[in-house]
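Okay everyone, thanks for coming.

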Amino acid sequence: MWIAVISVLSLVTACSTSPTAASESSEQSHGLVGLRPLPRIAADRSGNHGGSWAGTPTYEDQKGNYPFVAEHLDTVFGWLDGDFRTKRVFFEYYWGLSAARDVLDPDKNGLIKTIRDWESKGGLIEHILICREYLLAIHRGFKGAQPGPFTEDTRILSSQDVDDIRKLFRDAHAKGLIKHDNYKLILMVEHPSFFAEDTRVHPVIAKMEGVAYECHQFNRHWPLETGWSKPEKVVKGAQWTLAQGKEYIFYFGPIIWKSKQYHDFIERDWLETYWRAGLPKRHPRMHYYLNLFPNESGRGRPVGPESDPHSILGFTKWVIEEIKMNGVH
């Protein structure tokens with residue numbers, strides 16, 4: 001009897017200190033599919049990233065129109081009020097924007113506040129996509145923003161950054177501010193393979209749970225064959241990450257819509273090109289998160305219903321079927 005009690009207590013302890021909201025099953029043959037839904041509600045139409053969002057479609061308007069995605073989506077960014085059944089969330093966080101934001105007092109730290117906010121709403125933190133967003137931040141009013149230690153990719157954190165954040169988690173948990181004493185930190189990188197190629201970065205990756213790479217269908221990422229996100233570079237970074245026993249998030253989007261570069265299902269074509277090039281499609285630590293906010297021509301793409309294969313929710317449905325259901329439609 002005492003052995004059984006000890007086993008149960010050990011399990012409870014392991015769950016309370018786990019850096020993830022959901023345990024990773026060794027039997028699972030695929031990773032997670034996540035979505036960043038924007039604009040969620042009418043108020044989000046005040047956004048203007050990549051052009052004014054005024055009049056753009058919202059997820060709120062599609063209530064009841066995406067039962068398949070609502071049931072099968074694994075993680076969601078920024079919205080627990082939609083039809084999605086999951087409570088597992090991921091979010092982006094920029095370290096190094098200001099000293100006040102990064103203060104190591106858990107009562108005042110911005111990252112701890114973000115975790116508290118989501119947990120207070122019932123969110124289960126799955127992944128924290130974190131980096132130093134120096135180049136973007138200095139143009140958005142954060143004059144004190146500081147780059148990471150590598151000029152080749154200034155998003156990459158330092159080892160000390162990671163140590164400081166881990167200590168913040170422990171201190172905040174000890175004070176009862178957050179539910180766990182550790183969370184999964186996923187390094188959001190700018191370069192598709194520098195982190196894998198340069199051994200100076202490897203000690204930083206070793207302290208984190210994985211890597212996330214953003215792949216857009218815009219600006220320097222275009223065209224796919226010769227742009228910033230050309231498949232051989234992305235595949236090299238992903239395969240190296242998985243070989244280290246880490247998680248890899250392919251953070252895909254925003255995607256284009258009706259424009260001179262558009263053709264039907266170009267968003268699917270890009271993913272299929274990556275898969276043919278060797279990007280793992282189904283692997284327990286290989287995740288596909290869709291960053292499908294309205295950007296430039298993408299602002300005209302319909303959000304739903306999921307029965308429309310050209311809509312954002314229709315594309316999300318296709319990705320879920322491809323990753324989690326072996327392409328059975």
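Just after α5, G176 takes up a positive phi of about 80°. Before I go on: this is a predicted model, where local features need pLDDT of at least 70, side-chain atom pairs count only at pLDDT 80 or more, and totals for chains, interfaces and linings use all residues. Residues are numbered from 1 along each chain as its sequence is written, and side-chain values use heavy atoms, with hydrogens and water left out.

So, α5 itself. Helix α5 covers residues 159-174, with helices being DSSP runs of H or I, at least four residues, and strands runs of E, at least two, numbered from the N terminus. Its 16 residues reach 23 Å from first C-alpha to last, close to the 22 Å expected at 1.5 Å a residue, taken as 1.5 Å times one less than the number of residues.

Which residues of α5 are buried? They're D161, V162, I165, R166, L168, F169 and A172, buried being under 20% relative accessible area with a 1.4 Å probe, protein chains only. They cover an arc of only 150° around the axis, which puts them on the same side of α5; that arc is taken from the directions from the helix axis to the C-beta atoms. What covers them includes α3, β4, β5 and α7.

Now α9. The buried residues there are I266, E267, R268, W270, L271, Y274 and W275, and they pack against β6, α8, β7, β8 and α10, contact being heavy atoms within 4.5 Å. After α9 comes G278, with a positive phi near 115°.

How values were computed:
Buried means under 20% relative accessible area, exposed over 50%, partly exposed in between (1.4 Å probe, protein chains only).
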